Amino acid sequence: MPSIDVQQLRLDFPLLQRKTYNRQIVYFDNAATTQKPSKVIDITSEYYQKYNSNIHRGVHYLSEKMTEAYENARSTVQKFINAQHIHEVIFTSGTTDSINLVAFSFGEKFVHEGDEVIVSHMEHHSNIVPWQMLCERKKAVLKVIPMNPAGVLDLDALESLISPKTKIVSVAHISNSLGTINPIDKIIAIAHKHNVPVMIDGAQGIQHSIVDVQKLDCDFYAFSGHKIYGPTGIGVLYGKEKWLNEMPPYRGGGDMIKNVSFEKTVYADLPFKFEAGTTNFIGAIGLSTALKYLNQIGMDKIIAYEEELKLYAHRKLIAIPNLTFYGSSDKKAGIFSFLINKIHHFDTGLMLDKMDIAVRTGTHCTEPVMSFFGIQGTVRVSLSFYNTEDEIDYLVESINKVKQLFK
Ligand code: PMP
């Protein structure tokens, strides 16, 4: 029995109702971005029509309304991730921006020549490149937690990688190309034993798990609005107050200051110190509407349904002969990366597209993962709670057609 009424919920998503070529779209590219419920689309339009006005700087009606809505959105995020303080929630433009903020600002203060930063082999480029840029700037060293062929990180290796020079560990909650759910609680415990803070890239974690940053005890957690049914161009950085207070601003400009003179500028308190310039304030309201929508359904029910659907998809997909899967951890989200025989991933993706199925092909911004397996890319099917068993059956049928066509 499904824990949610999927057919009813699908009606909340206008895009899922449309046809692409011949039939209603089957959208399996949720790890790249999720579709938006009408509530999110409507509130965005409503705010532009009725309340649009820049926040924090006005005394007039519209500005006050907009500021209040923006700060309420921050409070919704705080509750969603159970942050201790509201000022530990920084609005950014997305996961990439959040990681760059920490890599620059934490790095500026705490990382020096010869120090070490640890990431894992399965990171998205967003959780590699900003740290590499930092290491280059500071003459620090980037170390990598290895993974095994199942796509599971070697935590014993993490223990031995950590040294007195290690300043931060940054790892993905869930891998976007392998689907592995990393044991972030264990990673955090290991790092904290050595007094090393941990940043979690939650781009694929937040929408498929209940994230309690206090229980996790992570030092930073980053995610993107667009991957959790919210708008593009808005994201979140959660950071523990003790770190954020010590970190210098990442960008300078309006709103991040208490006062400015040519002699000296005094920076604003948290969270504004890290929100220079005009933020995507209507995006923040869209994001908080998405989070409230998920709360209304119940994250526990969403997770239970997604688990059922993942097991169904797994059973059906592994039964197809001649598919090679990448990422076979016991702890996996509904992300399936595979290749059919010797068929190029682009060809598979193009053929599935013509059958009205949207999948992603390529490296998924994880080139080191592709190099590990000695491949150029994969076909990736990533599920959401609005996907159905019927859609998976149709995918299986379509994969079999692709195989026939390339015979
Ligand atoms: N990390 C992971 C694990 C991701 O899947 C993605 C998006 N594919 C990102 C980071 C970057 O997210 P964004 O492009 O929204 O900043």
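## Helix 4 against helix 5

In this predicted model, helix 4 and helix 5 meet through a set of side-by-side listed residues: Ile99, Asn100, Val102, Ala103, Phe104, Gly107 and Glu108 come from helix 4, and Pro130, Trp131, Leu134, Arg137 and Lys138 come from helix 5. Sorted by class, the contact of helix 4 with helix 5 holds seven nonpolar, two polar and three charged residues.

Helix 4 spans residues 95-110 and helix 5 spans residues 129-138; their axes are 9 Å apart and the packing angle is about 20 degrees. Because angles under 35 degrees count as roughly parallel, helix 4 is roughly parallel to helix 5. The crossing of helix 4 and helix 5 is right-handed.

Lys139 lies in the loop between helix 5 and strand 4. Although Lys139 is not a glycine, its phi is positive, at about 55 degrees.

Strand 4 covers residues 141-145 and includes Lys143. Leaving aside residues up to four places away in sequence, Lys143 touches Glu116, Val117, Ile118, Val119 and Leu161. With Leu161 there is a polar contact: a polar atom of the Lys143 side chain is 2.9 Å from the backbone oxygen of Leu161. Glu116 is 27 residues from Lys143 in sequence, and the C-alpha atoms of Lys143 and Glu116 are 6.9 Å apart in space.

## Surroundings of the ligand

The residues around the ligand are Thr95, Thr96, His124, Ser126, Asn176, Asp201, Ala203, Gln204, Ser224, His226 and Lys227.

For Asp201, a polar side-chain atom lies 2.5 Å from a nitrogen atom of the ligand. For Lys227, the distance from a polar side-chain atom to a nitrogen atom of the ligand is 2.8 Å. In the case of His124, an N or O atom of the side chain is 3.3 Å from a nitrogen atom of the ligand.

## Helix 2 against helix 10

Helix 2 (residues 38-50) packs on helix 10 (residues 281-297) at an angle of about 150 degrees, and the two axes are 9 Å apart. The crossing of helix 2 and helix 10 is right-handed. Helix 2 brings Lys39, Val40, Ile43, Thr44, Tyr47 and Tyr48 to the contact, where they meet Ile282, Ile285, Gly286, Thr289, Ala290, Tyr293 and Gln296 of helix 10. By class, the residues in the contact of helix 2 with helix 10 are eight nonpolar, four polar and one charged.

The loop between strand 10 (265-267) and helix 10 contains Pro271. The peptide bond that joins Leu270 and Pro271 is cis, with omega about 0 degrees.

## Helix 11 against helix 14

Helix 11 (residues 299-318) and helix 14 (residues 389-405) have axes that come within 10 Å and cross at roughly 20 degrees. That angle makes helix 11 roughly parallel to helix 14. The crossing of helix 11 and helix 14 is right-handed.

On the helix 11 side, the contact is made by Leu309, Tyr312, Ala313, Lys316 and Leu317; on the helix 14 side, by Glu389, Ile392, Asp393, Leu395, Val396 and Ile399. The contact of helix 11 with helix 14 has eight nonpolar residues, no polar residues and three charged residues.

Note on methods. Residues are numbered from 1 along each chain as its sequence is written. This is a predicted model: local features need pLDDT of at least 70, side-chain atom pairs count only at pLDDT 80 or more; totals for chains, interfaces and linings use all residues. Side-chain values use heavy atoms; hydrogens and water are left out. Axes are lines fitted to C-alpha atoms, for helices over the stretch in contact, and angles run from 0 to 180 degrees between N-to-C directions. Helices (H or I, at least four residues) and strands (E, at least two) are DSSP runs, numbered from the N terminus. Angles under 35 degrees count as roughly parallel, over 145 as roughly antiparallel, 65 to 115 as roughly perpendicular and the rest as oblique. A crossing is left-handed if the near helix is turned anticlockwise from the far one by less than a right angle, and right-handed if clockwise. Contact means heavy atoms within 4.5 Å. Ala, Val, Leu, Ile, Met, Phe, Trp, Tyr, Cys and Pro count as nonpolar, Asp, Glu, Lys and Arg as charged, and the others, Gly among them, as polar. A residue is near a molecule or strand if one of its heavy atoms lies within 4 Å of it. A polar contact is a pair of N or O atoms within 3.5 Å; within protein, one must be able to donate a hydrogen and the other to accept it, and residues adjacent in sequence count only if both atoms are side-chain atoms.
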